[in-house]
Amino acid sequence: MEVKSGEINCIGRRVGLLYDERMCKHQTPDGEDHPENPNRITAIWNNLQNANIPQRCVVLNAKEAEDKYILSVHTENHVNLIRNISSKKYDSRRNKIASKFNSIYFNEGSSESAYLAAGSVLELAERVAKGELNSAFAVVRPPGHHAEQDEAMGFCLYNNVAIAASFLLNEKPELGIKKILIVDWDVHHGNSTQKMFWKDSRVLFFSVHRHEFGTFYPANDDGFYTMIGEGPGAGYNINVPWENGRCGDADYLAVWDHILVHVAKEFDPDMIIISAGFDAAIGDPLGGCRVTPYGYSVMLKKLMDFAQGKILLALEGGYNLDSISNSVLACMEVLLEDKPINGSSEAYPFESTWRVIQAVRHKLSAFWPALAEELPIKLISQKAVPPHLILRSDSEDDETPHVSENLVAAVQDVIEPLLKLKVEDSHAHLVSEPTRWRLELSKVEVWYATFGSNMWKPRFLCYIEGGQVEGMIKPCSGSMDRTPPKEILWKTFPHRLFFGYESTRTWGPGGAAFMNPESNSEDRTYMCMYRITLEQFNDVLLNENTLGRDMSSPLFDMTDLNNVTTKGSMCLEILKKGNYKNVVYMGKECDIPILTMTCPLTDVESFKSGKLPLRAPCIKYANTLIKGLVEGKQFTKKEAMAYIKEASTKPL
């Protein structure tokens, strides 16, 4: 590995820095825009050069990882694919193969970039472990923490951090690295890293991420705080799952102070590897959080108290070029101990943050005694206004919202500390604005017509306000705008209600309610209609399909609304794996369009043929439908039970 500068003249801490422009060869095959692109690492490198950081570091070039080390965490089939995907024999099939994976693209430079990224992190890990470097930063791409043992996923081809950790523990025991703390502060859960060390007590995996009860990417339950490891690894897997976006410095530092620092002290790692994604940074288009460069620098500084400061940071996500560049710069200044951290934060964490912290501490307290003590009431009572708070006017003609004096005071209590947040000028020009589509669609009203469990108002409000009702397996995160529906009406429609599938994520075993998109004068479905905004309808649509997705753009916009009123229904390709991806137009009420969501006609045919199973709902699910029909004054309880039974047993 060639040393480009700083090897001889480096004074004080020896900090490694690795960047290689060959990793820019991995890009979209047709040049289309993509958040994970070469500009990410070139912007970081240019910013570091402007700040004269490379001159103070041991600067290294990349080299490719050997297959034998990659095979310690990935399967042979996966390694063979990534090694060969850029070769000419794959030219005609490359795009088709990529389409089979979750959020992946390939081109002629993908193989080399993947091997360079993995090899770079591995090389720096070895140098830090040997003591040749005090610490290091690997500016690499493609990222790695989503890449599963046997498949590429989420922009990631190889799990760079896992390969390096496995190398130190299994291939280089003579270096004395017996315990590794992996801290994943990327805004998305490190699903792959978790699985690779699930039963390994030598690795303490700690991930803080947006989760929102399994609806945020990678959209599963793996990132929940109940996932703590298994067998020898029980207690060595710690997830801190945010219930909402907009978490910032105060939220992250509360987690560091009340969970991570305590556990790290007990674990006493020999080395720390950080999956350093910066998509939780303020202004990131995918993350929706608000961590500043100052916040990242403090998080890193707190970790330098452990493992004699043997820390390796490996780049993961981060898609706002200013945010990612300034955040990496702030971290490099901490590693170099070049100057004191400049800044302060007096804002409070969200209430949901304290709730998550307490849940994590309670779940892990049996493994880490330092977490057993209850947090003081005085501490957890210091909290910010919930992130979903929206100031709205009841009058469509009045542009100035009418807000109570108490609410103004509450908001002011949060804003004033934020105004005191001081960050160096070179870091301070980042701005986070509300998503434009939400502002636009919040002004448009629709009727959301429901025929399933959402007929019961308390169940529907879980999608708006968050929470869960009896029978639901897990809670909902709620909508960004938690304003309750302005009006509720009941109507019947000439469509067929039926139940299908073996189980659902919300209710467990049993069929879920569907409505045949085609009308039939002989059929009749009772539907509860909620008058909500089109913005809220998007959030409900996302929750009903239980898919993690970047919501920087809507699932169903004004163009779609105009199209569906003309065509009658439309299947949303963006929700291709969802069960309720077909939005159906049911007419108008008070000149406001009525929309529902159900399965496409192709699924109805599959239910008829037996390709998809028809199945009656479970008791708890059926009781929820019955409550809705009875409390909505459509049926007596006996009549509602008969209605559900007929829909469950009558052939399609």
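1. **Ground rules.** This is a predicted model, in which local features need pLDDT of at least 70 and side-chain atom pairs count only at pLDDT 80 or more, while totals for chains, interfaces and linings use all residues. Residues are numbered from 1 along each chain as its sequence is written, and side-chain values use heavy atoms, with hydrogens and water left out.

2. **Overall make-up.** The chain has 20 helices and 21 strands; these are DSSP runs (helices H or I, at least four residues; strands E, at least two), numbered from the N terminus. Of its 652 residues, 57% are buried. Here buried means under 20% relative accessible area, exposed means over 50%, and partly exposed is in between, with a 1.4 Å probe and protein chains only. Contact means heavy atoms within 4.5 Å. Take the contacts between residues at least 6 apart in sequence: 76% of them join residues at least 24 apart.

3. **The cores.** A nonpolar core is a set of buried Ala, Val, Leu, Ile, Met, Phe, Trp, Tyr and Cys residues joined through side-chain atoms within 4.5 Å. The largest one has 131 residues, and Phe 137, Trp 185, Phe 206 and Trp 256 touch the most other members. Helix 5 gives this core its largest share, 11 residues. A second, separate core holds 69 residues, including Met 597, Cys 618, Ala 622 and Leu 625. As background, nonpolar side chains in soluble globular proteins tend to be buried together.

4. **Phe 206 close up.** Setting aside neighbours within four places in sequence, Phe 206 is in contact with Leu 181, Ile 182, Val 183, Asp 184, Ile 238, Val 240, Val 255, Trp 256, Ile 259 and Leu 260.

5. **Helix 5 on helix 6.** The axes of helix 5 (residues 110-130) and helix 6 (residues 160-171) come within 8 Å and cross at roughly 40°. Axes are lines fitted to C-alpha atoms, for helices over the stretch in contact, and angles run from 0 to 180 degrees between N-to-C directions. The pair is therefore oblique; under 35 degrees would count as roughly parallel, over 145 as roughly antiparallel, 65 to 115 as roughly perpendicular, and the rest is oblique. On the helix 5 side, the residues in contact include Ala 114, Val 121 and Leu 122, and helix 6 brings residues including Val 161, Ile 163 and Phe 167. By class, the contact has 12 nonpolar residues, one polar and one charged. For these classes, Ala, Val, Leu, Ile, Met, Phe, Trp, Tyr, Cys and Pro count as nonpolar, Asp, Glu, Lys and Arg as charged, and the others, Gly among them, as polar.

6. **Helix 19 on helix 20.** The axes of helix 19 and helix 20 (residues 637-649) come within 9 Å and cross at roughly 130°, so these helices are oblique to each other. Ala 622, Leu 625, Ile 626, Leu 629 and Val 630 of helix 19 meet Lys 637, Ala 640, Met 641, Tyr 643 and Ile 644 of helix 20. That contact splits into nine nonpolar, no polar and one charged.

7. **Helix 15.** Buried residues in helix 15 (residues 457-465) are Arg 459, Phe 460, Leu 461, Cys 462, Tyr 463 and Ile 464. They pack against strand 12 (445-450), strand 18 (525-533), helix 16 (534-544) and helix 19 (619-631). Just after helix 15, Gly 466 has a positive phi of about 90°.

8. **His 258.** This residue sits in helix 8 (residues 249-267) and is buried, at 17% relative accessible area. Beyond neighbours within four places in sequence, His 258 is in contact with Trp 354, Ile 357, Arg 361, Leu 371, Leu 375 and Leu 379.

9. **Backbone spots to look at.** Arg 141 and Pro 142 are joined by a cis peptide bond, omega about 0°, and Pro 142 lies in the loop between strand 4 (135-138) and helix 6. The bond from Tyr 217 to Pro 218 is also cis, with omega near 10°. Two residues other than glycine have positive phi: Tyr 501, near 80°, and Cys 590, near 55°. Tyr 501 is buried at 19% relative accessible area, whereas Cys 590 counts as exposed at 61%.
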